[in-house]
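Student: I would like to learn how to read the features of a model such as this one. Could we go through it together, one feature at a time?

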Amino acid sequence: MTTSQTVKPYKNTDADKKQQVADMFNNISGTYDFLNHFLSLGIDIIWRKKAIRALKANKPQRLLDVATGTGDFALEAIKMLQPRKVIGVDISAGMLAVAREKIAKKGLQDQFEVALADSENLPFDDGTFDAVTVAFGVRNFENLEKGLTDIHRVLKPGGKAVILEFSKPKGFPVKQLYHFYFNRITPFIGKVFSKDYRAYSYLPESVAQFPDGKQFTDILQRVGFYHALSRPQTFGICTIYIATK
Ligand SMILES: C[S@@+](CC[C@H](N)C(=O)[O-])C[C@H]1O[C@@H](n2cnc3c(N)ncnc32)[C@H](O)[C@@H]1O
């Protein structure tokens, strides 16, 4: 998928997108949770809950959270679904260190494990998981189709993938307000609070280039999911995708 391949965090290096993304999240891991909730005015918490709720009827027991970062999506899944086991994978050791602190603090070591691994080459056998979740991760994949294909591979037949990702609001005046906030305010606040001045300008750039709505569900079907639907949230700022293997 060329669109997600071309937008990289840094301009002054030849490193591939995956390395740049890992470096960027290592740089911002300490301020990531605070800025996430601050910049979204706490709405990300509502989106996460709604996305996880889509799995409630399935009662998944083995769940994989891809691009788990500091673990918030997986922790929400544990709270709402009480699965036997959740594994979170990510390419950023810094983000996983924050996740490990939370796991230890909550005493969830038996239920929630995290590991350094790449979504495009998941270290699990075919059909291992009842459900796979990804929040704000797919946009960062170096090769989107490869990542989604591997997510499909590790799901059991009938298993569900729930993907939460930013999308582009289309209607006036939300589209205009969103552009101003996302292109002006977010990079400014991100620059002030995080140690990485590029991270929060990469954010709107990567969203602008990323497929959303039908474009994204078409890709999900192309990589093998037999059914895929999208549920836009908050005027289309964010979308929950639900795909069934
Ligand atoms: C915006 S954060 C989202 C973290 C978390 N899911 C959340 O909801 O807060 C994106 C995460 O995707 C991870 N990531 C990017 N590409 C990845 C890949 N190919 N495999 C695994 N993780 C990846 C990054 O390291 C980062 O931690």
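Student: In which loop does A67 lie?

Tutor: A67 lies in the loop between β1 (62-66) and α4, where helices (H or I, at least four residues) and strands (E, at least two) are DSSP runs numbered from the N terminus. A67 is not a glycine, and yet its phi is positive, at about 55°. Please keep in mind that this is a predicted model, in which local features need pLDDT of at least 70 and side-chain atom pairs count only at pLDDT 80 or more, while totals for chains, interfaces and linings use all residues. Residues are numbered from 1 along each chain as its sequence is written, and side-chain values use heavy atoms, with hydrogens and water left out.

Student: Which residues come nearest to the ligand?

Tutor: A residue is near a molecule if one of its heavy atoms lies within 4 Å of it. Of the 18 residues around the ligand, Y32, R48, A67, D90 and S119 come nearest, and helix α2 (residues 17-39) gives the most to this shell, with four residues.

Student: What distances separate the side chains of Y32 and R48 from an oxygen atom of the ligand?

Tutor: A polar contact is a pair of N or O atoms within 3.5 Å. An N or O atom in the side chain of Y32 is 2.8 Å from a ligand oxygen atom, and for R48 the corresponding distance to a ligand oxygen is 2.6 Å. The protein buries 98% of the 600 Å² that the ligand exposes when taken alone, by the Shrake-Rupley method with a 1.4 Å probe.

Student: How do α3 and α4 pack?

Tutor: Two packed helices are described by the angle between their axes and the distance between the axes. Helix α3 (residues 43-53) and helix α4 (residues 72-81) pack at about 55°, with axes 9 Å apart. They are therefore oblique to each other, the word for angles that are not under 35 degrees (roughly parallel), over 145 (roughly antiparallel) or 65 to 115 (roughly perpendicular).

Technical notes
A polar contact is a pair of N or O atoms within 3.5 Å; within protein, one must be able to donate a hydrogen and the other to accept it, and residues adjacent in sequence count only if both atoms are side-chain atoms. Axes are lines fitted to C-alpha atoms, for helices over the stretch in contact, and angles run from 0 to 180 degrees between N-to-C directions.
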